[in-house]
2 protein chains.
Amino acid sequence: MKNDSLSQKNTTRPTHHLPHLTRNQQAVLAVLRQQSDALSAQELYGVLREQQAIGLATVYRALETLKLQGLVQSRSGTNGEALHSPIEQDRHYLTCLHCGQSFLLDHCPVHDLAVQVHLSVPFKIYYHTLEFFGLCEPCTHQRS
Amino acid sequence: MKNDSLSQKNTTRPTHHLPHLTRNQQAVLAVLRQQSDALSAQELYGVLREQQAIGLATVYRALETLKLQGLVQSRSGTNGEALHSPIEQDRHYLTCLHCGQSFLLDHCPVHDLAVQVHLSVPFKIYYHTLEFFGLCEPCTHQRS
DNA sequence: GGTATTATGAGAATGATTATCATTCGCTTA
DNA sequence: TAAGCGAATGATAATCATTCTCATAATACC
Ligand SMILES: [Mn+2]
Ligand SMILES: [Mn+2]
Ligand SMILES: [Zn+2]
Ligand SMILES: [Zn+2]
């Protein structure tokens with residue numbers, strides 16, 4: 001019962017340099033990666049609970065850890081809650097101030113420049129957020 | 001008593017096209033314009049109360065109106081609260097995920113591109129938000 | 001093993017933003 | 001100038017995402 005190959009109790013194989021991810025942190029990352037779009041912590045919590053037992057506080061803590069690790073990025077949703085997604089994702093939106101609708105931008109204008117960003121201070125950039133606000137066509141008409 | 005030059009009871013001179021601003025909305029805009037950096041609704045509320053009587057709800061409603069009017073812009077602060085500033089302002093930051101410190105970018109990389117943004121849908125852009133996240137020099141060292 | 005350290009969860013606490021709703025204001029019209 | 005009416009206001013309650021507490025469990029380290 002020591003050498004059992006069943007119990008994958010090992011949360012992570014003790015590599016050396018990077019802080020390892022716990023079972024929960026891995027689960028959070030896995031869910032984010034299999035989702036097509038960003039999730040709020042609450043939504044993430046809901047999805048995770050269908051697969052395993054986990055506390056809400058743990059989800060929040062995992063997200064924080066994953067961000068520090070450069071594995072996850074977050075942006076603020078229209079309603080204020082934070083939306084999380086794997087660091088690979090590079091999407092941005094146009095959001096209407098009147099109806100709240102968001103339109104996905106077909107290309108990130110910053111991605112290229114990112115590196116060129118003239119920094120006055122040494123800083124290691126992990127990701128960026130970019131969003132445009134204004135009025136969608138229909139809303140420019142409506143009064144009020 | 002009609003031509004009194006004292007009572008500036010007129011909230012706005014009835015121009016024609018744009019919806020006029022109420023006294024309170026003007027006050028909110030005025031404060032934002034005289035501030036060097038973005039303010040949260042709560043801070044704005046505090047400043048305003050020193051000058052006049054106004055309700056917190058009104059501050060929130062004024063900000064919403066001013067945004068629809070293209071006079072004010074908002075972004076999300078690190079702690080979640082929304083920060084507001086006059087539309088003219090075009091500042092962006094580098095924010096450290098570890099210590100939370102923010103560094104003002106000396107130049108907006110998007111401003112130029114803004115117009116070029118390839119839109120798949122007709123949309124009238126009022127403003128944009130842009131922020132970089134990562135680790136500041138000191139924080140890249142510290143363990144944890 | 002045996003202890004020090006970190007992670008976890010349940011639930012309370014916090015705090016910004018919204019929703020209510022009764023009252024007041026401002027403009028139009030008679 | 002007075003009455004009418006819809007928008008604006010403000011005090012307050014309600015929401016709700018996120019954080020904090022603290023006792024317990026898991027894991028690392030020797
Ligand atoms: Mn991008
Ligand atoms: Mn800009
Ligand atoms: Zn719209
Ligand atoms: Zn830092």
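Guide: Contact means heavy atoms within 4.5 Å. The model is predicted, so local features need pLDDT of at least 70 and side-chain atom pairs pLDDT 80 or more, while totals for chains, interfaces and linings use all residues. Residues are numbered from 1 along each chain as its sequence is written, chains are lettered from A and ligands numbered from 1 in the order written, and side-chain values use heavy atoms, without hydrogens and water.

Visitor: Leaving aside neighbours within four places in sequence, which residues is B:Asn24 in contact with?
Guide: B:Asn24 sits in helix α1 (residues 23–34) of chain B; helices (H or I, at least four residues) and strands (E, at least two) are DSSP runs, numbered from the N terminus. With its neighbours within four places left aside, B:Asn24 is in contact with B:Gln52, B:Ala53, B:Ile54 and B:Thr58.

Visitor: Is B:Asn24 buried, partly exposed or exposed?
Guide: Buried means under 20% relative accessible area and exposed over 50%, with partly exposed in between (1.4 Å probe, protein chains only). B:Asn24 has 24% relative accessibility, so the class is partly exposed.

Visitor: Which residues come nearest to DNA strand D?
Guide: A residue is near a strand if one of its heavy atoms lies within 4 Å of it. There are 19 residues around DNA strand D. Those that come nearest are A:Tyr60, A:Ala82, B:Gly55, B:Thr58 and B:Arg61.

Visitor: How far is a base nitrogen of DNA strand D from an N or O atom in the side chain of B:Arg61?
Guide: On the phosphate side, an oxygen is 2.5 Å from a side-chain N or O atom of A:Tyr60. Another such distance, to a backbone N or O atom of B:Ala53, is 3.4 Å. On the base side, a nitrogen and a side-chain N or O atom of B:Arg61 are separated by 2.4 Å.

Visitor: Which element gives the most to the surface near DNA strand D?
Guide: At least two residues each come from α2 (41–49) and α3 (56–68) of chain A and from α3 (56–68) of chain B. With four residues, the element that gives the most is α3(A).

Visitor: Which residues are closest to DNA strand C?
Guide: DNA strand C has 16 residues around it. The closest residues are A:Thr58, A:Arg61, B:Arg23, B:Tyr60 and B:Ala82.

Visitor: Which residues coordinate the manganese ion (ligand 1)?
Guide: Donors are N, O and S atoms within 2.8 Å of the metal (3.2 Å for Na, K and Ca); water is not among the atoms, so sites may look incomplete. Along the chain, the donors follow the spacing D-x1-H-x15-C-x19-H. At 1.9 to 2.3 Å, the coordinating residues are A:Asp90 (OD), A:His92 (NE2), A:Cys108 (SG) and A:His128 (NE2).

Visitor: How many residues apart in sequence are the parts that A:Asp90 and A:Cys108 tie together?
Guide: A:Asp90 is partly exposed at 30%, whereas A:Cys108 is buried at 5%. A:Asp90 lies in the loop between β3 (82–86) and β4 (93–96) of chain A, and A:Cys108 in the loop between β5 (102–104) and α4 (110–116), so the parts they tie together are apart in sequence by 18 residues.

Visitor: What distance separates the centres of domain 1 and domain 2 of chain A?
Guide: An automatic or database domain assignment sets the bounds, and it divides chain A into domain 1 (20–88) and domain 2 (90–144). In contact are 14 residues of domain 1 and ten of domain 2. Taken over C-alpha atoms, the centres of these domains of chain A are separated by 22 Å.

Technical notes:
Polar contact = N/O pair within 3.5 Å; in protein donor to acceptor, adjacent residues only side chain to side chain.
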